Amino acid sequence: MIESIKEQGIIVPLTLRKIDLPGNYEIISGENRWRCAKLAGLTHVPSYIVDCDEETAIMRLTEANLVNRDISLYERVQAYKQQYEIMKKRSGTRTDLQENAEKTNSLDELARKHGASRTQMHRLIRIADLAEPLVELVDKGKIASDAAVKLVVLSSQNQLLVADYLNGNSVKLHNSHAELIVNNSEKLSMDILGDVFSPAPQKSKPVKSIKTKRFSRFFENITDSAEIEETIEKALQMYFASEKSPSEFTQCDEFE
């Protein structure tokens, strides 16, 4: 962009608004162009000056960033949240984002504006409350977006702890992991996170009973249950003994 500005100048003017300090202006859109113009040696840039309040300026700035810039997921969800807060303030409607929150026109309008469903926008705005390292992991696909929403209740310290663990291990955080992490939030540590993602194998349940019908054909002439049990026991002892001791054939290198 710098070389382009050196050759052609700034084609699309910046948008500015006056602020309280005399002779000073705030850039609403075109900050990248302004920075590149300075690096290109320009001392003047074409600009539009608009008269608007701070909320309108934020709406225009975030809109310009969302449309014109290649921004990270963290910057994107922060922009959505800023727009949402202004829209709900202007509408004067209750719009908290808890699971049981009543539906509001502001959230629906914001979702339609950016081509998302209401559920998707609700999720993105909630993700904006996460620490930046966790949002980056959502962007990389290491945290499922629905699981990320569950992590919002964690303290800042625990959020960073989870981010450190995920960055150091080849795992992906799903809903089941998020629930376990939240349940252990008061004593969360690297060891506990290790248990969350590598749970101890479940112990096999002891055999309580065996169906004897399938063995009845071997004992057609035997009616004494004790004799049947003794015969089965001896057969099993012989079987497991043969498993531990290789046969004479397996000990030979070749057959003659």
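User: At what angle do helix α5 and helix α6 pack, and how far apart are their axes?

Analyst: This is a predicted model. In it, helix α5 (residues 105-113) and helix α6 (residues 118-127) pack at about 100°, and their axes are 9 Å apart.

User: Why is α5 called roughly perpendicular to α6?

Analyst: The label covers angles of 65 to 115 degrees. The angle here is about 100°, so α5 counts as roughly perpendicular to α6.

User: Which residues make that contact, and of what class are they?

Analyst: From α5 come L107, D108, L110 and A111. From α6 come R118, M121, H122 and I125. By class, the contact has five nonpolar, one polar and two charged residues.

User: What makes α4 roughly perpendicular to α6?

Analyst: The angle again. α4 and α6 pack at about 105°, with axes 8 Å apart. The range for the label is 65 to 115 degrees, so α4 is roughly perpendicular to α6.

User: Which residues of α4 and α6 meet?

Analyst: L73, V77, Y80, K81 and Y84 in α4 meet M121, L124 and I125 in α6. Seven residues of this contact are nonpolar, none is polar and one is charged.

User: Which residues of α4 are buried?

Analyst: L73, V77, A79, Y80, Q83, Y84, I86 and M87. Buried requires a relative accessible area under 20%.

User: Which residues of α9 are buried, and what do they pack against?

Analyst: N158, Q159, L161, V162, A163, Y165 and L166 are buried. The buried residues of α9 pack against α7, α10 and α11.

User: What makes up the largest nonpolar core?

Analyst: This core has 30 residues. L130, L134, I143, L151, V162, L173 and I181 touch the most other members. The elements that give two or more residues are α4 (73-91), α7 (132-139), α8 (145-150), α9 (156-168), α10 (175-183) and α11 (190-197). The largest share, five residues, comes from α9. Another core, of 13 residues, lies apart from this one; M59, I71, Y80 and I125 are among its members.

User: What does L134 contact beyond its neighbours within four places in sequence?

Analyst: L134 is in contact with I143, L151, Q159, V162 and A163.

User: Why is M1 called exposed?

Analyst: Exposed means a relative accessible area over 50%. M1 has 56%, so the label applies. M1 lies in the segment before α1 (2-8).

User: Which residues does M1 touch, leaving out those up to four places away in sequence?

Analyst: M1 touches N32, R33 and C36. M1 and N32 are 31 residues apart in sequence, and their C-alpha atoms are 9.1 Å apart.

User: How many helices and strands does the chain have, and what share of its residues is buried?

Analyst: The chain has twelve helices and three strands. Of its 256 residues, 30% count as buried.

Key
Residues are numbered from 1 along each chain as its sequence is written. This is a predicted model: local features need pLDDT of at least 70, side-chain atom pairs count only at pLDDT 80 or more; totals for chains, interfaces and linings use all residues. Side-chain values use heavy atoms; hydrogens and water are left out. A nonpolar core is a set of buried Ala, Val, Leu, Ile, Met, Phe, Trp, Tyr and Cys residues joined through side-chain atoms within 4.5 Å. Buried means under 20% relative accessible area, exposed over 50%, partly exposed in between (1.4 Å probe, protein chains only). Helices (H or I, at least four residues) and strands (E, at least two) are DSSP runs, numbered from the N terminus. Contact means heavy atoms within 4.5 Å. Axes are lines fitted to C-alpha atoms, for helices over the stretch in contact, and angles run from 0 to 180 degrees between N-to-C directions. Angles under 35 degrees count as roughly parallel, over 145 as roughly antiparallel, 65 to 115 as roughly perpendicular and the rest as oblique. Ala, Val, Leu, Ile, Met, Phe, Trp, Tyr, Cys and Pro count as nonpolar, Asp, Glu, Lys and Arg as charged, and the others, Gly among them, as polar.
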